[in-house]
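Dear colleague,

Please find below a structure that I am handing over to you, followed by an account of what was found in it.

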Amino acid sequence: MPTRNPGEPYYRISIDEAEEMQASGDAVVVDVRALDEYAEGHIKGALFIHVDTLLGRIDELPQDKDLLFICAIGVRSGLAAEMAAAMGFDSERLYNIEAGTPAWIEAGKPTSYGSDE
């Protein structure tokens, strides 16, 4: 079940919750890690936008879907969710996948490799 810490403009979710939300078609996973990390393995179908370039590419994020941010351990993805909230995205549609990509891959969830989706 998604949780929210006081003061955070996003929900925290598990990899299982993220997989279910992505499968619904109403959510987009946004991988905010560096390109080399992304190429080593990422959630199948994830949108790649490095956290350092997010503000300049904010218009690439859909306003009509839940945004599931992911990085390696949940720090950069939390920052990205905060940035999206600051740029006017609905905080009820912002999520941080806490466990990160390594946990996703270890769990055998749908994964792609290289710089392609």
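In what follows, a residue is called buried under 20% relative accessible area, exposed over 50%, and partly exposed in between, with a 1.4 Å probe and protein chains only. Helices (H or I, at least four residues) and strands (E, at least two) are DSSP runs, numbered from the N terminus. The model is predicted, so that local features need pLDDT of at least 70 and side-chain atom pairs count only at pLDDT 80 or more, while totals for chains, interfaces and linings use all residues. Residues are numbered from 1 along each chain as its sequence is written, and side-chain values use heavy atoms, leaving out hydrogens and water.

I begin with strand S2. This strand covers residues 27-31 and is mostly covered, five of its five residues being buried. Ala27, Val29 and Asp31 point one way from S2, whereas Val28 and Val30 point the other way. Strands are said to pair if DSSP finds at least two bridges between them. By that rule, S2 pairs in the parallel sense with strand S5 (residues 66-70) over five bridges, and Val29 stands opposite Leu68 there. S2 also pairs in the parallel sense with strand S4 (residues 47-48), over two bridges; the partner of Val30 in S4 is Leu47.

Leaving aside residues up to four places away in sequence, Ala27 touches Met21, Gln22, Lys65, Asp66 and Leu68, where contact means heavy atoms within 4.5 Å.

I turn next to the aromatic rings. Rings of Phe, Tyr and Trp (its six-membered ring) pair if their centres lie within 6.5 Å; planes under 30 degrees apart count as stacked, over 60 as edge-to-face and the rest as tilted. Two aromatic pairs are counted by this rule. Tyr11 and Tyr95 form a stacked pair, at 5.5 Å centre to centre with 25° between the planes. This pair links distant parts of the chain, with Tyr11 in strand S1 (residues 11-13) and Tyr95 in strand S6 (residues 94-97), 84 residues apart. Tyr11 and Tyr95 are both buried.

Tyr38 and Phe48 form a tilted pair, at 4.6 Å centre to centre and 35° between the planes. Because Tyr38 lies in helix H2 (residues 35-39) and Phe48 in strand S4, the pair ties together parts ten residues apart in sequence. Tyr38 is buried at 2% relative accessibility, whereas Phe48 is partly exposed at 21%.
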